[in-house]
Amino acid sequence: LHSSLHDALPIWFSNWNEERHLRQQEVRALADIATNLRENIDVVRRNITQDTEFVAACKRVTVALDRNEAWSSALGKDMMNCRWWTSPFFSSAAYESLKAKGTDLIEDPKVRSQIVRLYEQRYAFLVNDTDKVFWVFHLAVMEPVLNRHVYPVGPDEYRPNDYSSLVDSHEFGNMLRQKVEIQMGSIRDQQTTLEETEKVLRVIENRLAGVSRRSGTPGL
């Protein structure tokens, strides 16, 4: 019995030390991902604010044309702002590093699946679907319509080629309303992404606290 225990102790210690090392790696990986997620939260919040301002500019132009209001420099600047949208650029270096090591490094399968789903589905959807819809609409619809009806008088202002024709143009009004609808959909998608990112961040922070207490690794 004494010999068996003596032989087992090095194996037990080796396993314990390996597990402790893995949990330390997990803590570092999760802490890095948490840092990236905080950056992503700031980015999405800024984008939502900007896109909301672009939508408001589009609506002001639409209302002015519906009321046949005189064109002004302020309206020209609104029209230029209406043209834009935000593209999502997410911090993902920590997640890519985790993928290279193997996502199984994250011991809790629920935490692991939430991180993977956030990056591989939610973030990918904004980049590969929502943003591409804007590019297609911008190139196929918005730019041709703008070129037919307005021209730039500076880097931040448009002026009508013929204001009466602009007011009477169903094409221009439809383009503005469609732009607003697409951008409102994007804002909703971004809001969902923001909420999911905040949720995953809370899950990671809870996991970090739990792993640190169990392994003796200082909290990060």
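**A tutorial on contacts, helices and strands**

Analyst: Start with one pair of side chains. Those of Thr197 and Tyr123 make a polar contact at 2.9 Å. Keep in mind that the model is predicted.

User: Where is Thr197 placed in the secondary structure?

Analyst: Thr197 sits in helix H6, which spans residues 170–215.

User: Is Thr197 buried or exposed?

Analyst: Look at relative accessibility; under 20% is called buried. Thr197 has 1%, so it counts as buried.

User: Now a helix. How should I read its sides?

Analyst: Begin with the general idea. An α-helix has 3.6 residues a turn, so residues three or four places apart point the same way. Then take the case of helix H3, residues 93–101. Its buried residues are Ala94, Tyr95 and Leu98. They lie on the same side of H3 because they cover an arc of only 100° around the axis.

User: Which exposed residues are on the face of H3 turned away from its buried side?

Analyst: That face carries Ala93 and Ala100, both exposed.

User: What follows H3?

Analyst: Gly102 does. Its phi is positive, near 110°.

User: How do strands E1 and E2 pair?

Analyst: Check the sense first, then the bridges. E1 covers residues 150–154 and E2 covers residues 157–160. They pair in the antiparallel sense, over 4 bridges. With 2 residues between them, the two strands form a hairpin.

User: Which residue in E2 stands opposite Tyr151?

Analyst: Arg159 does.

User: Step back to the chain. How many helices and strands are there?

Analyst: The chain has 6 helices and 2 strands. Along the sequence, the pattern reads α-α-α-α-β-β-α-α.

User: What percentage of the chain's residues is buried?

Analyst: Of the 220 residues in the chain, 42% are buried.

User: How should I read contacts across the sequence?

Analyst: Look at how far apart the partners are in sequence. Take contacts between residues at least 6 apart. In this chain, 81% of them join residues at least 24 apart.

How values were computed:
Residues numbered from 1 in each chain as written. Predicted model: local features only at pLDDT ≥ 70, side-chain atom pairs only at ≥ 80, totals over all residues. Heavy atoms only, no water. Buried < 20%, exposed > 50% of the residue type's maximum accessible area, 1.4 Å probe, protein only. Polar contact = N/O pair within 3.5 Å; in protein donor to acceptor, adjacent residues only side chain to side chain. Arc of directions from axis to C-beta. Contact = heavy atoms within 4.5 Å. Pairing = 2+ DSSP bridges.
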